[in-house]
Amino acid sequence: MTEADDELERIKREKMIQIMTEASENIPEGPVHVETVDQFKEYLEKYSKTPLVIDFWAPWCGPCRMLTPIYEKLAVQFKGKAIFLKINTEELGSIAQYFGISSIPLVVLIHENEVKENWLGLRPIEFYQRE
């Protein structure tokens, strides 16, 4: 390699570190409670390259409430690597309907605007950490 090649590689590395740092700084922390369909669409568009982990829940659902502390711990553990959203199916039924959700709690993983995984029911934190 020539000196110019070495310099080019150094610049590429620095730029990649800068891009990765900026990307992780722009990722919202903790579970975000989605309040509107437009807000959800915005997350899908703005963060299409970042995994979205979505908790579909309802206030009357006991297992959903039991999932909340697990979900919050996962959001801390994967901070900067994924965005964690919470969607109340009672308030945003149109989103639940779009995804064909008939049972909750349901956790859905979306990456590059494609559903990659979905997990129905209450699971221990270790289950999600493996996935």
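Read along the sequence, the protein follows the pattern α-β-α-β-α-β-α-β-β-α, which amounts to 5 helices and 5 strands. The model is a predicted one, and of its 131 residues 35% count as buried.

**The disulfide**

- The structure holds 1 disulfide, and this bond joins Cys-61 to Cys-64, with a distance from S to S of 2.4 Å.
- In general terms, a disulfide is a covalent bond between the sulfur atoms of two cysteines.
- The torsion about the S-S bond of Cys-61 and Cys-64 is about 75°, and the disulfide is therefore right-handed.

**Helix α3**

- Helix α3 covers residues 62-77, and because each of its 16 residues is counted at 1.5 Å, the helix should span 22 Å, which agrees with the 24 Å that separates its end C-alpha atoms.
- At Thr-68 the helix α3 bends by about 35°, and a proline, Pro-69, follows within four residues.
- The buried residues of α3 are Cys-64, Leu-67, Ile-70, Tyr-71, Leu-74 and Ala-75.
- An α-helix has 3.6 residues a turn, so residues three or four places apart point the same way.

**The second largest pocket**

- About 190 Å³ of space lies in the second largest pocket, and the elements that give two or more residues to its lining are α2 (37-46), α4 (93-98) and β5 (114-120).
- Among these elements, α2 gives the most to the lining of the second largest pocket, with 4 residues.
- The residues that line this pocket include Val-37, Phe-40, Lys-41 and Leu-44, and also Ser-94, Ile-95, Tyr-98, Glu-114 and Val-115.
- By type, the lining of the second largest pocket divides into 8 nonpolar, 2 polar and 2 charged residues.

**The cavity**

- The count comes to 1 cavity of 30 Å³ or more, and the largest cavity has a volume of about 50 Å³.
- The largest cavity is lined by Ile-27, Pro-28, Glu-29, Gly-30, Ala-75, Lys-79, Gly-80, Ala-82 and Phe-84, and these lining residues divide into 5 nonpolar, 2 polar and 2 charged.

Methods
Residues numbered from 1 in each chain as written. Predicted model: local features only at pLDDT ≥ 70, side-chain atom pairs only at ≥ 80, totals over all residues. Heavy atoms only, no water. 1 Å grid on protein atoms, 1.4 Å probe; cavity = no way out; pocket = protein on both sides within 12 Å on 5 of 7 lines; lining within 4 Å. Points joined across faces, edges and corners; volume = space filled by probe spheres on them. Nonpolar A, V, L, I, M, F, W, Y, C, P; charged D, E, K, R; others polar. Disulfide = S-S within 2.5 Å. Expected span 1.5 Å × (residues − 1). Bend = angle between axes of the 7 residues up to and from the residue. Buried < 20%, exposed > 50% of the residue type's maximum accessible area, 1.4 Å probe, protein only.
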